[in-house]
Amino acid sequence: IIAEYGDSWLPAMHLSRGMPNRFLARGYSTARHTKQSYERVLDEFAMHRACAVLRTSTSEACPKAMGAAVDGGFRIVEFTLTTPDCLEHVANFRAKHDSEVMVGCGTIMCQQDAEDAVEAGSEFIVTPVLIPDVVEWCRDRDIVCIPGCQTPTELYNGYKHGAPLQKVFPGVAGGTGWIKSVSAALPMLRLNPTSGVDLDNAGDYLRNGAASVGLVAPLFTPEAILAQDWDQIQANARRVIANVEEVGPLKR
């Protein structure tokens, strides 16, 4: 996939490469992250407990689909670097919704990805796998990092490296029962499952020990994206948020 970025042409996965100063004029940098901003991100996750995670192959669909999720009630969103023009969308969405919607960036694979995402305006970082140097880089700069982990050992190692939330990815056999068992055995963890979470069971994951959940394909269905059916995505979002709000905020 190729996406236009100013006068350059770069692979969509690496739009951030070589141009971090593009976003500095907007006032975002690692220096803006403080212990207070770190705690605010965790407070937002504890309050809202659901994140809209968007992966799409077209840049044009990205802001419209995410806008529909926000119109449906989501207050935490994640753009992934596999989406064309991802960092542009992060920057634009942050500028449009700052203080109303918390914006993060996912599919971060290295420290440079993390730095570029933060400079674009990302308020938190998500990795698909446990990458210790990225977790530690974020920890040392008061940036919340949510690493993808599959096993209890990986989840605990993510916590030990400095991740205050741990993404359960990919989905695990047992679903909510697995989350309940691991969260009970390792109460210091704050689990954030994504795969396996759908429009109707999000509340069940929260009731069984998940600190928060991420919604991906069940929220942004391929059919709705292809048909540009933003009303359907908004309806999906309302359905999820209703289930999440029945459970209520997490006590930190």
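User: What share of the contacts with a separation of 6 or more comes from residues 24 or more positions apart in the protein chain?

Analyst: The share is 61%. Keep in mind that this is a predicted model. A contact here means heavy atoms within 4.5 Å.

User: How many helices and strands does the protein chain have?

Analyst: There are 10 helices and 10 strands.

User: What part of the protein chain counts as buried?

Analyst: Of its 252 residues, 54% do. To be buried, a residue needs a relative accessible area under 20%.

User: Why is N236 called buried?

Analyst: Set the value against the cut-off. Buried means under 20%. N236 has 5%, so it is buried. This residue sits in helix α10, residues 230-247.

User: What does N236 touch, not counting residues up to four places away in sequence?

Analyst: N236 touches L199, P218, L219 and T221.

User: Why can helix α4 be called largely enclosed by the rest of the structure?

Analyst: Count its buried residues. Helix α4 runs over residues 111-120, and seven of its 10 residues are buried, so the rest of the structure largely encloses it. The buried ones are D113, A114, D116, A117, V118, E119 and A120.

User: What covers the buried residues of α4?

Analyst: The cover includes α3, β5 (102-106), β6 (124-127) and α5 (132-140).

User: How do helices α2 and α3 pack, and at what angle?

Analyst: Helix α2 covers residues 61-71 and helix α3 covers residues 86-97. Their angle is about 40°, and their axes are 11 Å apart. The crossing is right-handed.

User: Which residues meet where α2 and α3 pack?

Analyst: From α2 come C62, P63, M66, G67 and V70. From α3 come H89, F93 and H97.

User: Where does L130 lie, and what is it in contact with beyond its neighbours within four places in sequence?

Analyst: L130 lies in the loop between β6 and α5. Leaving those neighbours aside, L130 is in contact with V135, P147, G148, C149, E154, N157 and G158. Another pair to look at is L130 and A163. They are 33 residues apart in sequence, and 9.8 Å apart in space, C-alpha to C-alpha.

User: Why is the pair R139 and D140 called a salt bridge?

Analyst: The rule asks for a side-chain nitrogen of Lys or Arg within 4 Å of a carboxyl oxygen of Asp or Glu. R139 and D140 give 3.0 Å, N to O, so the pair passes. By this rule the count comes to 11 salt bridges. Side chains of opposite charge can pair when their charged atoms come close.

User: How do you know whether R139 and D140 are exposed or partly exposed?

Analyst: Exposed needs over 50%. D140 has 53%, so it is exposed. R139 has 36%, so it is partly exposed.

User: Which salt bridges does R207 take part in?

Analyst: One is with D204, at 3.3 Å, N to O. Both residues lie in helix α8, residues 202-207, three residues apart, about one turn of the helix. Another is with E246, whose closest N and O atoms to R207 are 3.4 Å apart. E246 lies in helix α10 and R207 in helix α8, so this pair ties together parts 39 residues apart in sequence.

How values were computed
Residues are numbered from 1 along each chain as its sequence is written. This is a predicted model: local features need pLDDT of at least 70, side-chain atom pairs count only at pLDDT 80 or more; totals for chains, interfaces and linings use all residues. Side-chain values use heavy atoms; hydrogens and water are left out. Helices (H or I, at least four residues) and strands (E, at least two) are DSSP runs, numbered from the N terminus. Buried means under 20% relative accessible area, exposed over 50%, partly exposed in between (1.4 Å probe, protein chains only). Axes are lines fitted to C-alpha atoms, for helices over the stretch in contact, and angles run from 0 to 180 degrees between N-to-C directions. A crossing is left-handed if the near helix is turned anticlockwise from the far one by less than a right angle, and right-handed if clockwise.
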